[in-house]
2 protein chains.
Amino acid sequence: MHDDIIDNSDTRRGRPATHRAFESAHLSGGWTGDAEAYGRSSAILAGDLLVAWSDDLFEEGIDQIAPERARAARRHYAEMRRDVTVGQYLDIAAETVPTPDREQLDLALLVASFKSARYSVQQPLLIGATIGGARPDQYQALRAFGHPVGMAFQLRDDVLGVFGDSAATGKPSGDDLREGKRTALIAFARQAVPAPVRRTLDELVGDPDLEEGQVRMLQDVIRESGALARVEDLISSYARDADRALSGVALENASVGALRDLARAAAHRTF
Amino acid sequence: MHDDIIDNSDTRRGRPATHRAFESAHLSGGWTGDAEAYGRSSAILAGDLLVAWSDDLFEEGIDQIAPERARAARRHYAEMRRDVTVGQYLDIAAETVPTPDREQLDLALLVASFKSARYSVQQPLLIGATIGGARPDQYQALRAFGHPVGMAFQLRDDVLGVFGDSAATGKPSGDDLREGKRTALIAFARQAVPAPVRRTLDELVGDPDLEEGQVRMLQDVIRESGALARVEDLISSYARDADRALSGVALENASVGALRDLARAAAHRTF
């Protein structure tokens, strides 16, 4: 809910974003005051309530495990929550504060690490490992596996955001270009193209009114700059890291199979 | 931080509100995009980080106590957090959604119960009682004491928000009138005055540009309606409830003295 306010998104998974739903209730009820502000305030509070409830649910979930494990699981949960918030802030800062050209790739990868790799994959795996009482070697393997899987997931997301088939992704093709997301793909492209092309890129990326022809032109520029190939190489390299982290690990075969499926899905999905 | 976004406040304790501080950094840095949106988004995330950190601090604080007590303390903490969020939402809803006249007083008291009585006084006392290992009779006494103290505190706040001396409160006199807060004081006044006066009240309360003369006129109307006296009666009645809750309680004399001081300060403060 907070994310949708920050991104100024009207929808989430095909339904109205929370702040828009409250705003609509205000408008159709003919209530007092500013409908947009009411929608935003309500969604800030609804998000706060969900944060509190997710915490309560987590505590219910670890209520019966040994205190030492519960304490460690809580630590991962705390880190996970901190990581995503820091990552979100770095993400908006990257779109807001000018970053020297040569630091853009590192910043994009740092955002991906906080927002996706740690938050969505690594910490959740370690929470599960901790609750399940993983041995140190299993725990270390999952830590080493989770981060590159999350990085591959985010880089694939960046590729789909520019080159994805709208029929498969459910989002308009080139959505990230219109939003002006500062992804690793864009950073690679900006590094590779000559200055006049870079200026054109900078002018067009982030323009919410890009037409389809302009999107195709930008796709061509990014592909021909070699940026797409470099991101694909990076995805493959992260996928290999993830694979290596599981080789020889003392986990049940079924678990290793499930983890490999997860890694493949993250790196090679088309939607 | 979230509260200051919701209330559209520019300052907090004499310093810039968080969203304004980030907005100023944007403006003075000449950064990209909308400065106000950047300020708001940053303050949403900073608030989320503080929620997470307060949780982490709380866990540190109860790390060494017995699991059964830690569990109970966590339950109070969760309730406290839920209460304030629900109270905040009821508060903005009260200013937004029209409420039938005869329900306004109950709604104002409900908001005061969630936002102030439970959040600021009752639950914190019970967290302390739980951590300290209070006996059931002590715990019940603190529960019965905390709620009316918090109610008296909020009702005094409502009185000061309309009649307070700006030199003592540090806020412009009549601030609540300009903000249009839906307090018990206003609900009492609306109940008591004849319809034409009520219409004038409704027109003026919530007007951010009220002049001093208009504020004085509204203060007179509210005083002469008997609303101020009714709120003072209510404060006295809550103060008596709080007092009674401590009579005969098996607590150290010094503790009872400190609690009585707290109750007096809440009900009779001038700032």
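Hi everyone. Let me start with a definition: I call two residues in contact if their C-beta atoms, placed from the backbone, lie within 7 Å. And please keep in mind that this is a predicted model.

Let's begin with chain A. It has 13 helices and 2 strands, and along its principal axes the C-alpha trace spans about 55 × 55 × 35 Å. Of the 271 residues in chain A, 39% are buried. If you take contacts between residues at least 6 apart in the sequence of chain A, 69% of them join residues at least 24 apart.

Now to one helix pair I'd like you to look at. Helix 5 of chain A, residues 104–132, packs with helix 9 of chain A, residues 184–192, at an angle of about 175°. Their axes are 8 Å apart. Angles over 145 degrees count as roughly antiparallel, so that is what we call helix 5 and helix 9 of chain A.

Which residues meet there? From helix 5 we have A:Gln104, A:Leu105, A:Ala108, A:Leu109 and A:Ala112. Facing them from helix 9 are A:Ala184, A:Ala187, A:Phe188, A:Arg190 and A:Gln191. This contact divides into 7 nonpolar residues, 2 polar and 1 charged.

On to the partner chain. Here 33 residues of chain B are in contact with 33 residues of chain A. On the chain B side, the elements giving two or more residues are helix 1 (2–6), helix 2 (18–29), helix 3 (35–61) and helix 4 (67–96). Helix 3 of chain B gives the largest share, 12 residues. By type, that side of chain B has 15 nonpolar, 10 polar and 8 charged residues.

Note on methods. Residues numbered from 1 in each chain as written. Chains lettered and ligands numbered in written order. Predicted model: local features only at pLDDT ≥ 70, side-chain atom pairs only at ≥ 80, totals over all residues. Axes fitted to C-alpha atoms, helices over the stretch in contact; angles between N-to-C directions. Helix = DSSP H or I, 4+ residues; strand = E, 2+ residues; numbered from the N terminus. Parallel < 35°, antiparallel > 145°, perpendicular 65-115°, else oblique. Nonpolar A, V, L, I, M, F, W, Y, C, P; charged D, E, K, R; others polar. Buried ≥ 20, exposed ≤ 12 C-beta atoms within 10 Å, placed from the backbone.
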